Amino acid sequence: MLFLKNKKFTHLLISLIALILIIISIFIFRNTGLNDVSESSINKSTDYAPSIGNKDAKNKVIEFMDYKCPFCKKFENSVYKNLEKKHILYGDTEFRVVNASVLGDDAVLASRAAHALNIYYPEKYWDFHHKLFKIQPNHENKWITAKLIDSELEKLDIPQNKLKKIKRDYKTKYSKSWELANEDKKLYKKFNNQYVPSVYVNGKFIKDPYS
């Protein structure tokens with residue numbers, strides 16, 4: 001009888017410990033966030049990404065985005081503008097973008113063009129970036145074409161020798177911009193993102209990017 005009582009006590013103790021561990025796990029999960037990552041890891045991994053602001057700033061805001069995503073456009077028109085005014089221009093924040101390109105081949109084409117521009121004439125990268133969101137239509141059908149991209153690039157007053165390199169690079173398979181666009185997509189998966197925009201601040205995943 002004593003053996004049975006001890007056995008029941010042991011089972012009860014194990015069940016109690018398991019319950020406590022589950023409660024602790026739930027608490028930690030809710031407070032750390034589903035996609036929180038190593039700050040040093042995401043900063044190092046996205047070091048090549050187009051950025052604006054002070055490279056040595058204490059804060060790094062990283063957005064995984066898609067030029068065809070209407071929610072990314074919403075982020076661009078609200079949160080980004082506020083972030084730029086209050087933090088990026090103030091010097092305490094660096095903002096980086098990773099082109100996840102999850103909404104089709106034309107989104108990938110835009111990513112390659114953006115990277116090519118950032119490689120050969122970065123002074124005009126953000127003008128191009130903002131313009132693509134500005135002309136984004138109210139649908140997710142295919143709308144980004146090489147013709148549209150070339151037209152927008154030609155409006156940016158880029159020196160002709162640079163413009164030719166940009167156009168050639170983003171249209172050429174296995175080029176620099178092609179590889180960087182692929183790297184963007186790999187990082188989107190590496191950090192287990194499920195949607196765009198996915199935003200991180202110093203490695204912390206922001207559940208509501210519009211907050």
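1. Glutamate 94 and lysine 55 meet through their side chains in a salt bridge, with 3.5 Å from N to O (the term is used for a side-chain nitrogen of Lys or Arg within 4 Å of a carboxyl oxygen of Asp or Glu). The pair links distant parts of the chain, 39 residues apart, since glutamate 94 sits in strand E3 (residues 93-99) and lysine 55 in the loop between strand E1 (51-53) and strand E2 (59-65). Helices (H or I, at least four residues) and strands (E, at least two) are DSSP runs, numbered from the N terminus. Glutamate 94 is buried at a relative accessible area of 0%, whereas lysine 55 is partly exposed at 44%; buried means under 20% relative accessible area, exposed over 50%, and partly exposed in between (1.4 Å probe, protein chains only).

2. This is a predicted model, in which local features need pLDDT of at least 70 and side-chain atom pairs count only at pLDDT 80 or more, while totals for chains, interfaces and linings use all residues. Residues are numbered from 1 along each chain as its sequence is written, and side-chain values use heavy atoms, with hydrogens and water left out.

3. Glutamate 152 forms a salt bridge with lysine 131, the closest N and O atoms being 3.0 Å apart. Because glutamate 152 lies in helix H6 and lysine 131 in helix H5 (residues 125-134), this pair ties together parts that are 21 residues apart in sequence. Glutamate 152 also meets lysine 155 in a salt bridge at 3.2 Å, N to O. Glutamate 152 is buried at 8% relative accessibility, lysine 131 is partly exposed at 27%, and lysine 155 is exposed at 53%.

4. Most residues other than glycine have a negative phi, and most peptide bonds are trans.

5. On confidence, the protein chain averages a pLDDT of 89, and 84% of the residues score at least 70, where pLDDT is the predictor's confidence in each residue, from 0 to 100. Please read residues 21-33 with caution, as pLDDT stays under 50 there.

Conventions. Contact means heavy atoms within 4.5 Å.
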